[in-house]
Amino acid sequence: MGLDLYVGPLTRYHLNDWLTITQQIGAQDGFTVRVIRAQEDEEPETDPDVVQAAVRDWQQWLGEALGGPVDWSENASQPYWTDKPDWDGFGAVLLLAAYDEHPDLQPSPWDKPDSPREFADAPAYQAASAQPERYLTLLSGVEWWLPLPADPLVIEASRPTGQPTRMGSVDRLAAELRLLAERTGLLAGYDPAELRRGLFTDDPTVEDLARFGLAVMLDLAETAIEHRQPLLLDY
């Protein structure tokens, strides 16, 4: 099961009116790619007006819970943006953040490296996620980052469809990603646009994967801020 990032209106997301990068490539080549997600509604609502109204009701509920306005623009016809760091790129970013918080738990060059796809098993991640300091949303299991006027740190809330999800501020995510890039020097001397094209080595290191994942995530986080739209993990 792969991992994609989605930036755009929740109305369009819940209508499933968007294509992942893999689906877009498939459509260009003349074939259909079916995405199987971990949590899918058996009978999803298909009426845009109904979904939009439900999302706006959810925004109002969340705003009341947070004590402030939650009112980014929601419309099924608004544009969206997406990319695919996959679990390798995403997990490697989390590992680098964990190593920055607990450098004593980073494997040495002579040790077996941690697997980005199994980042949750890494000692550094386990220690850092128990009490994150610099990278609160990256290391706290956040899956939805929202364009909120005030930073709620990390909250646990139901999605419009009811699933409990950890959420944070997209502005905080971007700040954490910029801090990680600055402290590790991962992007120094590289063209982020070139990095986002993918890896060109058969045996990438954790740092190679993190560089790719960081370029993808930071680009979409900045896009989400520019357009005041949510950024979601999709898997």
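Reader: Asp 100, is that buried or exposed?

Author: Asp 100 is buried, at 16% relative accessible area (buried means under 20%, exposed over 50%, partly exposed in between, with a 1.4 Å probe and protein chains only). This is a predicted model, where local features need pLDDT of at least 70, side-chain atom pairs count only at pLDDT 80 or more, and totals for chains, interfaces and linings use all residues. Residues are numbered from 1 along each chain as its sequence is written, and side-chain values use heavy atoms, with hydrogens and water left out.

Reader: Which helix does Asp 100 lie in?

Author: Helix H4 holds Asp 100 (helices are DSSP runs, H or I, of at least four residues, numbered from the N terminus).

Reader: And what is Asp 100 in contact with?

Author: Setting aside neighbours within four places in sequence, Asp 100 is in contact with Arg 134, Tyr 135 and Arg 183 (contact means heavy atoms within 4.5 Å).

Reader: Switching to H4 and H8, at what angle do their axes cross?

Author: Roughly 105 degrees, and the axes come within 7 Å (lines fitted to C-alpha atoms over the stretch in contact, angles running from 0 to 180 degrees between N-to-C directions). H4 and H8 are therefore roughly perpendicular (65 to 115 degrees).

Reader: Which residues meet there?

Author: From H4, they include Phe 90, Val 93 and Leu 96; H8 brings Leu 209, Phe 212 and Met 217, among others.

Technical notes
Helices (H or I, at least four residues) and strands (E, at least two) are DSSP runs, numbered from the N terminus. Angles under 35 degrees count as roughly parallel, over 145 as roughly antiparallel, 65 to 115 as roughly perpendicular and the rest as oblique.
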